[in-house]
Amino acid sequence: MKRRPRRSVPAVLVAIVVLAGCVLAATVAVQTILGENPWIRYDAVASTLHGLRWSDPLPAIAGGVVALLGLVLLVSAIVPGKPTVLPLEGDPDSGASRRSYRSTLRTAASTVDGVSAAKLKVKRRGIVSVVTTARTNTAGLADAVRAAIEHRLAQIGPATVPAGRVRVKATRSTS
């Protein structure tokens, strides 16, 4: 089970543009029915469009903008996003949310002796953790954090075990 994020931002943008166009068309139609002066007159729009030629720059620019927007929407719909649920071993429908996965591994890294803070990112290719320590001698700390994370990963049981990188930042200098 690899649940992907919804494409809500492109959908909302398209919905807002379509809604704005519908509201404008409805407002102009109601103004015309009531006999008032509409915001946009049909004959003015028709005469302006009738006066344009295909060789003019305005239709080419408008067509290019519309084609570019369509391409951006198409790419945003096709390219998969980061999975929101990461698959686990066993039942095909078992999974862990990316947030809980990250917080569990961050807790495992921060419980290592000598680690004062831990930041962890779950990426496509693996896990990147940055731990902060007050120790002046950081030898072996990265290995201990990596072992703690790997032990916790073995308990979680992901379908594919991600590679892990650990970076240690010492707040004190060695001199």
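Leu105 touches Leu120, Ile127, Ile149, Arg152, Leu153 and Ile156, leaving aside residues up to four places away in sequence. Touching, or contact, means heavy atoms within 4.5 Å. This is a predicted model, where local features need pLDDT of at least 70, side-chain atom pairs count only at pLDDT 80 or more, and totals for chains, interfaces and linings use all residues. Residues are numbered from 1 along each chain as its sequence is written, and side-chain values use heavy atoms, without hydrogens and water.

**Nonpolar core**
- The largest nonpolar core has 19 residues. Such a core is a set of buried Ala, Val, Leu, Ile, Met, Phe, Trp, Tyr and Cys residues joined through side-chain atoms within 4.5 Å; buried means under 20% relative accessible area (1.4 Å probe, protein chains only).
- Helix H4 (98-110), strand E3 (115-122), strand E4 (126-133) and helix H5 (141-156) each give two or more residues to this core.
- H5 gives the most, with five residues.
- Helices (H or I, at least four residues) and strands (E, at least two) are DSSP runs, numbered from the N terminus.

**H4 against H5**
- H4 and H5 pack at an angle of about 140°, with axes 8 Å apart.
- The H4 side of the contact is Tyr101, Thr104, Leu105, Ala108 and Ala109.
- The H5 side is Val145, Ala148, Ile149, Arg152, Leu153 and Ile156.

**Helix H1**
- The buried residues of H1 are Pro10, Val28 and Gln31.
- Helix H3 (57-78) is included in what covers them.
- Gly35 follows H1, with a positive phi near 85°.

Key
Buried < 20%, exposed > 50% of the residue type's maximum accessible area, 1.4 Å probe, protein only. Axes fitted to C-alpha atoms, helices over the stretch in contact; angles between N-to-C directions.
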